[in-house]
Amino acid sequence: MKEFLERQGVKPSAKVYFIDALSFMALGLFSSLIIGLIIKTIGQQLNLNFLIEMGDLAISLMGPAIGAAIAYGLGAPPLVLFAAVVTGAAGASLGGPAGAYVAAVLSTEIGKIVSKTTKVDIIVTPLVTITAGYTAAALIGPWIGEFMVLFGSWIEWGTEQRPIIMGILVAALMGLALTAPISSAAIALMLDLSGVAAGAATIGCSAQMVGFAVMSYRENKFGGLLAQGIGTSMLQVPNIVRNPRILIPPTLAGMILAPIGTTIWVMENNAAGAGMGTSGFVGQIMTLQTMGFSGQVWIQILVLHIVGPALLTLVISFYMRKIGWIKSDQLYISTGGK
């Protein structure tokens, strides 16, 4: 059986289902829901119905995009990949983003098992894939979706009741998830984070990206600054494995600033922006959409998402370099130029 599964490209593991699948799910989310929200927001600000309609269409295709992205990420053959578009849509309609994830993963793996095992593959493979995905969506999707939303509401409630402690925890955990090889964006959307909790998550995620970008500037110069600051701090994962202490400065920066954003200078966001940080400035665009495009909000974003994380991370990392916890070239990434 093990040899058969390997021949069919099915290799069950936590990495495949909780790192690879979630990472590709995030790509599907960005290519539909998140980019759709950005387009719609621009359209609303410019009063352009064409852009609003375009954004609404992209948002409505979140489920199919998740299904296709996960199937592609799991190495599905063509018939399974195309059928996963249907199972992702079914999962999203019955259980939201979490339902789409479950339906897409299960249907893709089952579809891969039957792929090219019969002479009528063109019928059997999509039939089995869609049946498996829709069944999972109908039986599991609603439960998973409701639980994730409920868990997210607990986080939001806890953040409102204990804004300092929960702000610190949410910022730290979501920030670490953003830098780790898993998807903070997918997690935020499955939890349906919103309000102050989403605001704290955005601060923590932004601190990771801006923090790593500025504290590694001497190693990576301007190319590395852009790659990490508006791309992804995940580029530092190989360096983190070699020296986990480099996580301390940006993580502490987020933990220091988050309580300010949950108490004194309250920041809010929605689920689409909560786990994005400064990647493509999605976290900031969604903050503006949630809180409004006022001058006050722009200043809060500038201070709590960009300037604050940069200054705090530089101070902490300078001290860590001085005491030898961070050494020369331990922050170098291949995309940056020396």
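A residue counts as buried under 20% relative accessible area, as exposed over 50%, and as partly exposed in between. The legends below concern a predicted model.

**View 1. The ring pair of Phe151 and Trp154.** A pair of aromatic rings is described by the distance of the centres and the angle of the planes. Across the whole structure, 3 aromatic pairs are found. For Phe151 and Trp154 the ring centres lie 6.0 Å apart and the planes meet at 70 degrees, so the pair is edge-to-face. Both residues belong to helix α7 (residues 141-161), where a spacing of 3 residues separates them by about one helical turn.

**View 2. The aromatic cluster.** Phe147, Phe151 and Trp154 are joined into a cluster by ring pairs.

**View 3. The fold surrounding these residues.** The protein chain contains 16 helices and 0 strands. Its radius of gyration is 21 Å, close to the 20 Å given by the globule rule for 338 residues, so the chain is as compact as a globular protein of that length. Of the 338 residues, 51% are buried. Among contacts with a separation of 6 or more, 76% involve residues 24 or more positions apart.

**View 4. Surface and charges of the protein chain.** The accessible surface is about 15200 Å², and carbon and sulfur atoms account for 72% of this area. The chain carries 17 positive and 14 negative charges, whose mean positions are 16 Å apart.

Definitions and conventions: Residues numbered from 1 in each chain as written. Predicted model: local features only at pLDDT ≥ 70, side-chain atom pairs only at ≥ 80, totals over all residues. Heavy atoms only, no water. Helix = DSSP H or I, 4+ residues; strand = E, 2+ residues; numbered from the N terminus. Rg over C-alpha atoms; globule rule 2.2 N^0.38 Å. Buried < 20%, exposed > 50% of the residue type's maximum accessible area, 1.4 Å probe, protein only. Contact = heavy atoms within 4.5 Å. Areas by Shrake-Rupley, 256 points an atom, 1.4 Å probe, with all protein chains shown as cover. Lys, Arg positive; Asp, Glu negative; His and termini not counted. Charge placed at Lys NZ, Arg CZ, Asp CG, Glu CD. Phe/Tyr/Trp six-rings, centres within 6.5 Å; stacked < 30°, edge-to-face > 60°.
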